[in-house]
Structure formats: structure tokens, C-alpha cells
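Visitor: I would like to learn how to read backbone features in a protein model. Could we go through some cases?

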Amino acid sequence: MKFADEFRDADIARALSQRIAGEAGDKHWKIMEVCGGHTHTIFKYGIEDLLPSNVELVHGPGCPVCVIPMGRLDDGIALAKRPEVIFTCFGDLMRVPGSDGSLLDAKAAGADVRMVYSPLDALKIARDNPDKKVVFYAIGFETTAPSTALTLLRAKAENLRNLFVFCNHVNIIPPMKAILDSPDLQLDGFLGPGHVSTVVGIRPYEFVTRTYNKPVVVVGFEPLDILQGVHMVIQQILQGRCEVENQYTRVVHDEGNPKALDVLGRVFQLRTQFEWRGLGFISQSGLELREEFDEWNAEKMFTVPGVRVADPKACQCGEVLKGVLKPWECKVFGTACTPETPIGTCMVSSEGACAAYYNFGRYSRARERERAMGANGNGNGNGAVKELKPIEVKAG
Amino acid sequence: MTDTDVTSESPPPEVPVAGSGAAIRAAAARIADPEQRVLERIEEMRKRKPRMRDDAITMSHGAGGKSSHTLITALFADVLSNPVLDQLGDQAVLPIPGVDNLGLAVTTDSFVVSPLFFPGGDIGELAINGTVNDLAVGGATPVGIAAAFILEEGLDVELLRKVVVSLRAAADRAGVSVVTGDTKVVPRGKADKLFITTTGVGIVELPQRSAMARVRAGDVVLVSGALGDHGATVMLARGDVDLEAESLRSDTMPLHGLTKALFDEDIDVHFMRDATRGGVATVLNEIAQGAGVAISMNEDSLPIHDVVRGVAEILGIEALYIANEGKLVAIVAEGDAERALQVMRSRPEGAEAAIIGTVLPEPEGMVFIETVFGGTRVVDMLQGDPLPRIC
């Protein structure tokens, strides 16, 4: 497959992996990938197998589904349950539990909930169903916000009055800042979000290097992009540099996408504050529709419960997101909090750090041991799997 | 199940009861390794029999993945439990009084696909092939099929005729007849045009050669052809996503000829299952759990048409989880794997067959894949519902 396979080449990966292992030395590195898309790639391709055990990837707050607070999801489900509403959203939101069931449950109970791949699909549904009110539950960072903005501009131009947007769009910079401000921060550098950066460019990350003295490398979403990004972060530190670098030059321009930024500015404004699951309220971190779009604003045109559901006290997602705790070190991990009954953000989506560890931990752990035992050099070659050692043999 | 996993019932580490050095060392290791304890606890929970927690049926209960599995084991098999059903095979095998070396294989399947016609097939053809294949993978020769039709008020008769004619043609191709049937009509809106349930009866030699219990470490995993064609085709045919792919066709076809060829050539087939809903990933998970083994795949070796890879890539789904309607997974004794591949490839149904992995002793119940990139990841059962009503 063109434009994809080139970035998944195992030979280049092995070479890069060896260079990283060589340069990483004995230091323990903690590098955070901010974006959920990166986390997905890391697990899908088993990238951690290609990194030495002293290079740790910390899975950051960039999974748009995970960060939606439960109260906002409850508002969405309440909208979905209204008989006059066709509720539309991206597929990954459907399974996420609210305080009383998920959207999938609401659908089973009779709500008209439809998965869309784009807000423009919601626009089409609104056109095709003039007697219904179509709500689009907008989520995501600067990556998805422009398409919501365009949809709203089009709805306004067409004077389409039965489409409403429930806006949960958020900005990536404020949570990064919140993490950097944390006193127990233990990160060496960041892999910056590639797709967000196609919109905002790479300048917005300069405060990370200037104020916090941590390097940022904006990277793409193919596995080689990630490995190269890790290598670039390590090289910056070893060479005493601290910059915002762009690994994803084939897509990201330093200035971002002026047209998309313009559209965002015309449709959205910053909220004073927005709640993040696991991170709490962060000021100026969310987007809301401008006044001119009041008639398309689901928050203004419908009454929703608007009840804040606090993150459970025992949940330590914040610490996991900051890389202070490993998933298994959380008090409720694997007991009260599982992928089937998630408590915190990190367990909600399969891209969340805890869900990933819950599903893959046992296996990667066995691999780690195998590597530690020094079998077959770096243990990364094909066939290493077949020499997998037993996990733990019962005594006696 | 092996006894290699430490359970939470083991004595608490600070009180090593047994005097053996090994027990003390193990206990000490566990104190030093809280992470291991957490992982063990998760393992313990995973092995528990699933419970039906949901208050209502959701679409994910029909998707063939984890929720379907829970619904079947925790509700149907729990209430209806009997020695034959409890095996949860693709086909049930009943004794024939007075005949020791033959059994009666029975299977049933409902078809609710939307749209009724799609590139490469239609609901009538699916209804025959799906049932024939459920018999064939168990080594049974189909002898007759029963078909029940639920029709929605207002259904176009010409359309119904087209479906029945196609169903007849498929039955002829599979060398089997529809010997009985039933028809019900429901008010408009109470069904979507047309649903079909087919029940197949076949004869199988005993002891059954294709049985999950025969799967063992060292066996080789084959698939009979390219993955995901059917699910991808139906999804695009439905028009929910703005994608077109001219070369995409459903793979619906009967596999009884292919399975017969494998048996005729005396291939030591340990187990076969057709990879419908939930795809090959789900079938392999069922085998890993059912047989208490691990399965390792090599991503490079998976036969997937470029067009399906493209669709999957764009939609963010994986071909491994997409449904097929004419593909089987075969677990074959190591020494016969190459020959099995040749037999498959010599037939049109198996022209794109491939060896995709091996069976390992552990980690028990787990399926994983060596990625094209040189890493490894776990391939879990399908969660959720990416492609509703594809069969």
C-alpha cells in the first residue's frame, strides 16, 4: 500500500532501534507522547519492543475520548434520549460508560444514535430528516475542530436549522502546561502531536522548550515516525539542545494551516475553563461556539442536566498521565477499574495507558524478562516470540 | 488448562507455609515484585466465567466478539446447558442409534444482512454457504437444509423470487437440497425486508477429526484465503461511508469441497472453523481459550487484498477482525502444514491460502502477532461493533 508501507519498514526500524539503544546509554529516559494516535501506533506495531528497556514511553492526555468528563457524556446521553433527536458522534464514543450506561445502551433503549465518520455526515442526516433535530457531539483537539467549524459555517450558509453541535473541543497546549507545572514531573521530553500541529503549526510548543527546558519533536503516526521522534528527542538532550523540531515535515508546516486557524477563529472562542477527566478543570482549555452560532449550539438550544460527576477519589489517572505512576501502581487498577468497568480516563478507551497495560502488560512483561535474561542479543529479531519464557511457575 | 499460573488462593507471601526452598524463593520474589502480583490478579479475573452484566441487548452482542461470547456462555449455554451444547461447536454432533462410526451433525444460522444484495453475493447465497460451511469445517457432509423466511409486509415479490432463485443456485453448487422450510410475515417495520434462518444436517465420521481438543502446541495455523473481503464489501455497499472500491467483492462461497480435499489427502487437520463475524482474530482467540494454548501470527504472512487494507486503514479497523463468508482457519499438525497449503492452493476456494502462524504452549489463551515492524502485540477478541449486520 503506497504512502503507508514505506513508513513501516522493519529493516530501517531495526537499524534505528540499534542506534537508539546505543545512544540511550544507561540513563532512564521518560518521553511522553501527547497524542492518543501515537499511543495507538505504539501498541499496534509493538514499538516498545524496539526500544531498550531504559527508554520508557509515557502515554499522555491526548486521547480525545478519554478526556471527556463523565458529566459531559451524561449530557450527551440525555440529548440522545430525547425523542425528537437524532444523535450523531464518532464511533469510539459509543461504548464509553456514562454514570448510567453508554450511548450504545441508550441506543438499545430506543434512542436514535448514529455513528458518523465526519460532522458533514451529521449535516447530511439533518438535511435528509427535516422533521428531526440532529445533534452532533463534537469531540477532539484542534485536529477535528476545523471540520466541526466548517460544518457549522455550511449549516449557517444553508440556513439549516435542525443541526446542533454539542461542543467538547479542547486545546492541546493547556493540558501539556498542566502536566509541565506538576511538581512531581519526571519527563525528559515530548513527542508532539502530528495532526494537531498540521493545524496549529509548531510555534505553540515553544514555551515547553523556553519555560520548562524540555525538548519537543512533532512526529507523524507511522511507526517509523515515532521511532525517529524518540531518537530525535534523545539526540537533542545528548547534544545539549532544547528545541521544537518537526519530524513530520511531509505534513506539518511550521506555521500550521492558516485557513483552518481562520475557520476556527470565526466559529469558536475559548471557554474560561473546561473540565478534563483525570486532570480536573483547566482554564482556557476548551472551545465553545461563538454567539453568532447560538442557534446551532446544543448547549443553548436544549436543556441538559449539566451535572458534574467527580472523578472517583481512588482514581489516580492524573498521576498516570503525568508519568509519575505506572498503571499497575494505581490503587484501583485491575480491581475496581477494568476495561469492562472503567473508573478513570486511562481505562476508558483502548488507547488509554491503563487499558493498554491491562490488555498487553502480561505479555510485554514476559518479553521484558526474556530480554533481561539476555537471550539472543537484543531479542528483537523475528522468531524471538517463539522462545518466550513461562510467566511464572507455581511453586511446589 | 495447565497449572502454571499462580492463583490468588496461594498462601500470602509473608507466611511461607511449605518448608521447601522453592516456595520461599517464589514468595520472596512476589513480595519484591508487586507488578507481578497485579498481573496475576488480572489473570485470575480473566479466567472467571463471564457474567452477563448488561440490562439490555446492544448491537455489540451481535458483533461476534467479546459481548457475543458473554451472551452465549453466560445466558444461552448457561440456561440450556447439556453435554452437546456445552461444547459450543460450529455444529452439534448427535449419535445415530445403532451406528457407531457415524454421527449426525446439526447447525443453524440466521441471516439479517443489509443490503440484501451486495457485490459478489446476496442474502440467499449467504444463507446456504454459511450453513454448509459450519458443517464442512467439522468434517461433515451436508445432506439437507431447512430454511425459514421472515418476510416484512410490503416486500417486493420479484425481489423475494431473486433471493430464492439465488438460494437454490447456491444449494445446487453445494450439492445439497432445501428439504423443508417455513414462512412468516410480520407487519411493516417489524423486520427489515427479509430475514432467513437455515438449519443444516450432515453426516460426520466418528471420532470427529476436526475437534478443538485436538489442537496442541507445535501445530500450524492456516487460512484458506484473503481476509476481510465480505465485511468490507457489505460496509461499503451500505453507503454509510463515502468510499468506493470497484474491485471489492464478497467472498461468500461453500467450503465443503476444500475441507473434503484436505481429509481425502489425509492431512492431519486438528481443527477448522470458518472465520465469519469477528474475523480471524476472534476465531483464533476462541481456539486459544478453548484449547488452552497460545497462538502466534506473523503479520507479514496475512493474505489481505490491497483494497481491503486500504478500506481498513481509512476506517481505522483491522482486516483481522472483519468478517469473511468463505474463509476458514485450519489448525494442522506441523508435519502436514506444507502439504495442507498445497492442497488448499490447488483449489479455487483456497488459491490465496497461507500459513499465518503457529500454536505455542503459552501464554495460555492468548493470541499475538509479530508486526510487520518487528514488534509484537496482543490480538484480543473483537470489542464493540464495527460492522453491524453483515450476515
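Visitor: Where is B:Lys193 placed in chain B?

Guide: This is a predicted model, in which local features need pLDDT of at least 70, side-chain atom pairs count only at pLDDT 80 or more, and totals for chains, interfaces and linings use all residues. Residues are numbered from 1 along each chain as its sequence is written, chains are lettered from A and ligands numbered from 1 in the order in which they are written, and side-chain values use heavy atoms, with hydrogens and water left out. B:Lys193 lies in the loop between β6 (178-186) and β7 of chain B. Strands (E, at least two residues) and helices (H or I, at least four) are DSSP runs, numbered from the N terminus.

Visitor: What is the phi of B:Lys193?

Guide: Most residues other than glycine have a negative phi. B:Lys193 is not a glycine, yet its phi is positive, about 65°. Its relative accessibility is 40%, which counts as partly exposed (between buried, under 20% relative accessible area, and exposed, over 50%; 1.4 Å probe, protein chains only).

Visitor: Which loop of chain A holds A:Asn213?

Guide: The one between α9 (206-212) and β8 (216-219). A:Asn213, also not a glycine, has a positive phi of about 60°. With a relative accessible area of 55%, A:Asn213 is exposed.

Visitor: Which residue is joined to B:Pro207 by a cis peptide bond?

Guide: Most peptide bonds are trans. A cis bond joins B:Leu206 to B:Pro207, with omega about -5°. B:Pro207 sits in the loop between β7 (194-205) and β8 (220-223) of chain B.

Visitor: What is omega for the cis bond between B:Glu362 and B:Pro363?

Guide: About 5°. B:Pro363 belongs to the loop between β12 (354-360) and β13 (367-370) of chain B.
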